[in-house]
Amino acid sequence: MTSTEKTVVITGATGQLGRQAVRVFQKDGWNVIGTGFSRANPPTTRKVDLGNAEEVVTLLDDVKPRAVIHCAAERFPDKCASDPEGVKRLNVEASRKLSSECNSRNILLIYISTDYVFDGKPGAAPYEADSSTNPPNFYGETKYAGEQAVLSAGKQGVVLRVPVLYGEVEKNKESAVNVLMDAVWSNETVEMDHWSIRYPTNTADVARVLKDVANKYTKEDPASLPHVLQFSSEDRMTKYARGIPPATVFTNVF
């Protein structure tokens, strides 16, 4: 891969995971073009409405990336409740259009998904890439539909499922773990469940996995490699038992 070919577009580059991905790919020598919408700050991040097909086509034709890391998604419960159609447009339809355009240009697309595609029943976690899916809520349903759109578009689509994330944030509401920490440190009595096993994972670790996947899948034929990947910390905890997660342990996604 020549240096001119080593260009990556990172959607949602203004978000918690997207910011880490930008740093890791830049450090690895990639030419990084980050996109955002409401928090885009040109020229640092390019403002692109992923729901606008013309803007997506213009972006790919202008940049000509070798890979796209699709971090952009709507996950906040209040938004899912108040604007379900808008959530579908971003999580499903925008992913469908982006993956279709990437496949037609032979561009690798890595779609960030979630363990909310699984049912979350007690004892079910940790999940494997081939675990049975059964989204328990609207957000999980849209992310699973986005997965299907990406995988059905062609061999250039790869799904990376990750659990609840934590790490460096601009605002604590970016991470459910940080919100939990705020609750723990408040002077109020807070009720927490002790049955739901979670595997909080650091965004810096996920970003390094994304870089490794991009390097491998752009050097080899994606058709010969897995198209659904699973990555998380190996540290088990509930909200009650462990309020602050320890360092992430790497697992092999291949």
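Biologist: Which residue of E9 is the bridge partner of leucine 160?

Modeller: Leucine 229 is the partner of leucine 160. This is a predicted model, where local features need pLDDT of at least 70, side-chain atom pairs count only at pLDDT 80 or more, and totals for chains, interfaces and linings use all residues. Residues are numbered from 1 along each chain as its sequence is written, and side-chain values use heavy atoms, with hydrogens and water left out.

Biologist: What makes E6 and E9 a pair?

Modeller: Three bridges join E6 to E9. Two strands pair if DSSP finds at least two bridges between them. So E6 and E9 count as paired, and they run parallel.

Biologist: What do the labels E and H stand for?

Modeller: They are DSSP runs, numbered from the N terminus: helices (H or I) have at least four residues, strands (E) at least two. The protein chain has seven helices and nine strands.

Biologist: In what order do the strands of the open sheet stand?

Modeller: The order is E3-E2-E1-E4-E5-E6-E9, seven strands with parallel pairing.

Biologist: Why are strands E3 (45-47) and E9 (228-230) said to stand at the edges?

Modeller: Each has a single partner strand, so one side of each is left without a neighbour in the sheet. From one strand to the next, the twist averages 25°.

Biologist: Why is threonine 35 called buried?

Modeller: Its relative accessibility is 1%. Buried means under 20% relative accessible area, exposed over 50%, and partly exposed in between, with a 1.4 Å probe and protein chains only. Threonine 35 therefore counts as buried. This residue lies in strand E2. Leaving out residues up to four places away in sequence, threonine 35 touches Val9, Ile10, Thr11, Gly12, Ala13, Thr14, Arg46, Val48 and Leu59. Contact means heavy atoms within 4.5 Å.

Biologist: And threonine 58: what makes it partly exposed?

Modeller: Threonine 58 has a relative accessible area of 37%. Threonine 58 is found in helix H2. Helix H2 (residues 53-63) lies across E1, E2, E3 and E4.

Biologist: What makes a set of residues a nonpolar core?

Modeller: The members are buried Ala, Val, Leu, Ile, Met, Phe, Trp, Tyr and Cys residues, joined through side-chain atoms within 4.5 Å. The largest core here has 30 residues, and Ile10, Phe25 and Leu160 touch the most other members. H7 gives the most to this core, with seven residues. Apart from it lies another core of 17 residues, among them Val48, Leu59, Cys102 and Leu109.

Biologist: How do you know whether H4 and H5 are roughly parallel or roughly antiparallel?

Modeller: Helix H4 (residues 84-104) and H5 pack at an angle of about 15°, with their axes 8 Å apart. Axes are lines fitted to C-alpha atoms, for helices over the stretch in contact, and angles run from 0 to 180 degrees between N-to-C directions. Angles under 35 degrees count as roughly parallel, over 145 as roughly antiparallel, 65 to 115 as roughly perpendicular and the rest as oblique. So H4 is roughly parallel to H5. Among the contact residues are Pro84 and Val87 of H4, and Phe138 and Tyr139 of H5.
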